[in-house]
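Opening the notebook on this one. I want to look up a few residues and jot down where they sit.

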Amino acid sequence: MTTQELVDQIHKKKSFLCIGLDTDLEKIPQFLLEEEDPIYSFNKAIIDATHDLCVAYKPNIAFYEAYGVQGWSSLRKTIEYLNTNYPNIFTIADAKRGDIGNTSTRYAKAFFEDLNFDSITIAPYMGRDSVEPFLQFKDKHTILLALTSNEGAFDFQTKKIDGHELYKEVLSVSTTYKGSENLMYVVGATKAEYLKEIREIVPNSFLLVPGVGAQGGSLKDVCNYGMTKDIGLLINSSRGIIYASNQHDYAEAAKLKARELQIAMEKEMSRLN
Ligand SMILES: O=C(O)c1cc(=O)[nH]c(=O)n1[C@@H]1O[C@H](COP(=O)(O)O)[C@@H](O)[C@H]1O
């Protein structure tokens with residue numbers, strides 16, 4: 001999917017919501033465990049109930065890998081279901097990969113070609129030659145961790161080297177990478193006040209912003225500091241939406257939570273006009 005197609009979907013749906021499919025067998029309604037593939041059944045019901053309220057889904061790969069071959073099969077069925085039934089939805093493999101060049105190319109093939117995701121999250125720590133292999137795929141997007149939502153972000157990301165915080169180096173240096181037009185960045189919603197300075201370095205890039213809902217980030221603050229004329233934001237919520245209920249109404253409850261966020265997003269978008 002091209003960035004322009006994503007922007008068009010955001011305007012059409014009046015939403016820049018990304019729903020995180022962090023599907024955990026211990027948290028889903030327990031009656032689903034009787035199904036042949038409980039993870040897939042859960043994801044399918046959540047997707048069918050919420051697809052018109054969001055523009056992206058982000059399965060976090062850890063939740064699938066944790067169940068071995070069966071989990072990987074559930075992931076494949078989920079992405080195929082999305083690509084077949086809702087081709088206008090942007091898909092994010094939250095895999096946080098990155099390695100020496102030839103290994104990164106294999107990761108890229110796994111997620112962009114074999115599974116056919118539109119994008120993948122990547123850790124920037126190994127530098128240019130670990131990221132550039134992902135950037136060579138046409139209409140695929142690489143979402144680089146810049147300033148993450150967790151406490152540990154302060155261990156390294158905000159430390160200064162040569163007078164600049166490390167996350168700012170990640171932002172500015174990565175814009176010189178070959179294929180950098182395919183870059184997006186992760187900035188945690190819990191760090192909204194940093195967005196003003198981030199926008200000075202990457203004024204137009206799309207930002208994936210996790211951390212609203214369960215981690216306590218504020219949608220309003222993120223929009224105040226981070227929204228661009230093309231919106232430029234994908235705001236993710238996982239647990240806050242998908243585990244709204246663990247009873248028979250779980251999909252309907254997820255839909256109501258997604259609707260709340262979509263309404264708040266529509267309001268923020270109307271302030272741009
Ligand atoms: O890359 C991510 O998506 C990510 C980056 C980050 O800084 N913080 C963060 O929480 N995430 C992911 O975003 C999701 C947040 O989930 P909830 O806190 O349940 O909404 C999880 O899948 C995290 O792995």
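Which residue does UniProt list for "active site"? The unreviewed entry gives Lys-96; UniProt positions use the numbering here, with feature names shortened, and annotations may be inferred rather than shown by experiment.

Ground rules before I go on. I'm working with a predicted model, where local features need pLDDT of at least 70, side-chain atom pairs count only at pLDDT 80 or more, and totals for chains, interfaces and linings use all residues. Residues are numbered from 1 along each chain as its sequence is written.

**Lys-96.** I found Lys-96 in strand 3, residues 90–97 (strands are DSSP runs of E, at least two residues; helices are H or I, at least four; both numbered from the N terminus). Lys-96 is partly exposed because 16 other C-beta atoms lie within 10 Å (20 or more would be buried, 12 or fewer exposed, partly exposed in between, with C-beta atoms placed from the backbone). Neighbours within four places in sequence aside, Lys-96 contacts Thr-121, Ile-122, Ala-123 and Leu-145 (contact: C-beta atoms, placed from the backbone, within 7 Å).

**Met-1.** Next I checked Met-1, in the segment before helix 1 (3–13). Met-1 has 19 C-beta neighbours inside 10 Å, so I log Met-1 as partly exposed. Skipping neighbours within four places in sequence, I get contacts from Met-1 to Leu-6, Phe-90, Asp-118 and Asp-139. Met-1 and Asp-139 are 138 residues apart along the chain, with 5.4 Å between their C-alpha atoms.

**Glu-80.** Last stop was Glu-80, in helix 4 (residues 68–85). Glu-80 is partly exposed because it has 13 C-beta neighbours inside 10 Å. From Glu-80 to Phe-154, 74 residues along the chain, I read a C-alpha separation of 37 Å.

Methods
Contact = placed C-beta atoms within 7 Å.
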